Amino acid sequence: MTATAMRTHRAGALRAEHIGAQVRLGGWIHRRRDLGGLIFLDLRDRDGIVQVSVGPDWTPSDVIESVLEVTTESVILVRGKVVGRPQEARNPEMATGDVEVHADAIQVVGPAHLEALPIPVWRTKGEDPPSEELRLLHRHLDLRRPELQRNLALRHRLLQRTRATLTDLDFYEVETPILTKPTPEGARDYLVPSRVHRGQFYALPQSPQLYKQLLMVAGFDRYFQVARCFRDEDLRADRQPEFTQIDLEASFVSPEDVYGVLETLFVALWEEAGFAVSAPFRRLPFDEAMERYGTDKPDLRFGLELEDVSELVRGFRAFEQILSEGGRVRGIRVPGGAVLTRKDVDALTELARHAGLGGLATLKHQDGKLSGPLSKIDGMSAGAARLEDGDLLVATAGPDSLTSVVLDRVRRAVIARLALVPTQEHGFAWVYDFPLFEWDRESQSWLVAHHPFTAPHPDDVERLLQGDRSAVRALHYDLVYNGHELGSGSIRITDSEVQLLVLDLLGISQQEAERRFGFLLRALRAGAPPHGGFAVGFDRVVMLLAGADNLRDVIAFPKTTAARALFEDAPTELDPAELSELALKVDNA
């Protein structure tokens with residue numbers, strides 16, 4: 001084969017309709033099987049795998065000899081004829097399983113050396129993968145895995161569907177700066193020193209929040225961006241220091257208008273991934289979500305709602321003091337929960353203790369009998385507890401702020417332990433009427449619950465003007481799905497005086513506000529339309545639609561949980577001369 005023979009088809013795209021065609025393919029040797037007279041090569045490219053047959057009836061002897069020497073993961077060019085596989089040799093598990101390519105020429109263009117293959121690309125079913133650190137260190141090999149290639153292909157399709165959908169809804173795509181000014185977004189900024197302005201720093205944006213508000217003031221009406229954002233915070237499986245969000249903003253909108261745009265977008269994205277969902281999504285006030293599920297991102301595919309069981313458990317000594325002080329006892333009735341073992345219940349109790357509560361009390365109805373600590377209450381019966389045979393009641397007492405956290409964890413643990421069958425596949429809901437401020441016990445101060453540019457609820461403006469932070473709702477809304485937050489947004493403050501008041505209630509003086517946010521305040525004073533928007537955690541959306549367990553499986557080059565880029569070894573130290581040019585000095589103390 002000559003060096004000019006490039007591809008006519010992708011290997012994974014060949015089907016029965018190509019039988020009889022002469023093709024030229026390029027790809028990686030996924031696997032090789034030598035059956036004596038015949039050699040089978042599984043040739044892989046981004047579209048999939050096709051079987052290439054090398055045999056004496058159609059392959060020159062020198063080509064057969066060369067194939068005997070080539071290693072897996074080598075890159076080859078193949079020329080040959082597409083033929084149908086015999087009926088008994090067809091592979092229904094492969095998209096190309098009805099055909100194979102009879103090779104008459106093969107050229108190795110990228111030999112793979114065994115020492116350069118520290119991790120396998122192909123694993124047998126059930127085989128444990130290499131450690132994640134090793135896979136991230138050799139990401140170029142890890143990304144060859146078919147499942148990661150499928151994930152990134154899905155990511156591409158979702159991005160294109162996003163752009164098409166929002167463009168059809170009359171949004172403009174506008175890019176905003178990456179080098180910007182530090183702003184309070186709830187996490188630490190990544191700072192970038194300026195060489196030109198020594199001693200001064202840019203920040204990498206945690207979001208394009210202020211820029212998109214300025215675009216509304218400027219009259220662009222509808223904006224969106226596939227935005228790269230940066231937050232210097234501790235990582236989790238669903239969090240990265242740099243991430244992608246679908247950011248949008250619109251003028252002359254109410255929350256319902258924003259909901260309509262996002263519902264159109266999410267219906268389209270789920271359709272792109274092969275799922276049919278319908279709008280409108282459920283609406284759930286924040287207080288109701290906390291009361292019924294203990295969390296502002298409930299998994300609505302299951303029942304198991306939280307209940308106030310204070311009256312039921314009166315007389316239970318461990319709860320009496322809390323009840324006498326005006327507190328309440330809350331619990332969850334778990335259908336079929338009587339099968340949980342003592343070890344299971346102890347694990348749930350530990351969740352309560354870890355959160356700062358005394359523990360859990362249980363009532364089990366099994367084989368017509370009640371058992372557990374709550375069964376000792378005088379007059380307790382299965383009927384009073386509304387327990388069917390086989391059910392379990394789990395209860396705890398304390399401030400709502402703690403019992404909600406505990407019972408949310410218990411609920412999720414019970415769902416997982418019992419492998420409960422969901423009543424629906426897709427549990428979307430809008431959660432709204434969040435508090436504008438929240439009390440931080442650690443700092444003993446009021447903090448803004450989301451960001452300080454969120455408009456107060458119109459019915460609560462008078463409280464805000466009186467300086468009452470405790471009962472002011474925000475025009476903020478989250479979209480949740482199967483227990484995950486997909487994104488959040490709000491209607492924004494457009495009155496500069498209200499904006500200054502909110503900043504003042506956060507301890508930011510007018511002078512400081514003008515210094516830090518003067519550009520926004522000047523814009524609001526120039527005539528600002530009512531506007532609001534939303535930010536979608538795009539990486540999380542892809543993770544959920546791909547069925548992945550970790551964000552790192554849907555990002556090409558992710559960071560570790562220690563915020564390190566293992567592949568390129570970053571962050572890294574700089575030469576003292578480079579630091580000096582930036583007027584920086586590292587203190588290693």
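Strand 10 (residues 242–251) and strand 22 (residues 531–537) run antiparallel and are joined by seven bridges, where helices (H or I, at least four residues) and strands (E, at least two) are DSSP runs numbered from the N terminus, and two strands count as paired if DSSP finds at least two bridges between them. The model is a predicted one, in which local features need pLDDT of at least 70 and side-chain atom pairs count only at pLDDT 80 or more, while totals for chains, interfaces and linings use all residues. Residues are numbered from 1 along each chain as its sequence is written, and side-chain values use heavy atoms, with hydrogens and water left out.

- D221 is found in the loop between helix 5 (209–217) and strand 9.
- With a relative accessible area of 33%, D221 is partly exposed, a class that lies between buried (under 20% relative accessible area) and exposed (over 50%), using a 1.4 Å probe and protein chains only.
- Leaving aside neighbours within four places in sequence, D221 is in contact with M216, E249, A250, S251 and F252.
- Although D221 and H531 are 310 residues apart in sequence, their C-alpha atoms are 8.6 Å apart in space.

**Two helix pairs**

- Two packed helices are described by the angle between their axes and the distance between the axes.
- The axes of helix 4 (residues 146–168) and helix 15 (residues 538–546) come within 10 Å and cross at roughly 125 degrees.
- Helix 4 and helix 15 are therefore oblique to each other, given that angles under 35 degrees count as roughly parallel, over 145 as roughly antiparallel, 65 to 115 as roughly perpendicular and the rest as oblique.
- The crossing of helix 4 and helix 15 is right-handed, a term used if the near helix is turned clockwise from the far one by less than a right angle, with anticlockwise giving left-handed.
- On the side of helix 4 this contact is made by N151, L154, R155, L158 and L159, and on the side of helix 15 by F538, D539, V542, L545 and A546.
- By class, the contact of helix 4 with helix 15 has seven nonpolar, one polar and two charged residues, where Ala, Val, Leu, Ile, Met, Phe, Trp, Tyr, Cys and Pro count as nonpolar, Asp, Glu, Lys and Arg as charged, and the others, Gly among them, as polar.
- Helix 9 (residues 342–354) and helix 11 (residues 400–418) have axes that come within 9 Å and cross at roughly 155 degrees, which means that helix 9 is roughly antiparallel to helix 11.
- The crossing of helix 9 and helix 11 is right-handed.
- In this pair, D344, L348, L351, A352 and H354 of helix 9 meet V406, R409, V410, A413, V414 and R417 of helix 11, and by class the contact has seven nonpolar, one polar and three charged residues.

- Five strands form an open sheet in the order 12-13-16-14-15, with antiparallel pairing.
- Strand 12 (306–308) and strand 15 (369–371) stand at the edges with a single partner strand each, so one side of each is left without a neighbour in the sheet.
- Strand 14 (residues 361–366) and strand 16 (residues 392–398) run antiparallel and are joined by four bridges, with A361 standing opposite A395 in strand 16.

**Strand 3 and the whole chain**

- Five of the seven residues of strand 3 (residues 48–54) are buried, so strand 3 is largely enclosed by the rest of the structure.
- Strand 2 (residues 39–45) pairs with strand 3 in the antiparallel sense over seven bridges, and a hairpin joins the two through two residues.
- The chain has 16 helices and 22 strands, and 46% of its 589 residues count as buried.

Conventions
Axes fitted to C-alpha atoms, helices over the stretch in contact; angles between N-to-C directions. Contact = heavy atoms within 4.5 Å.
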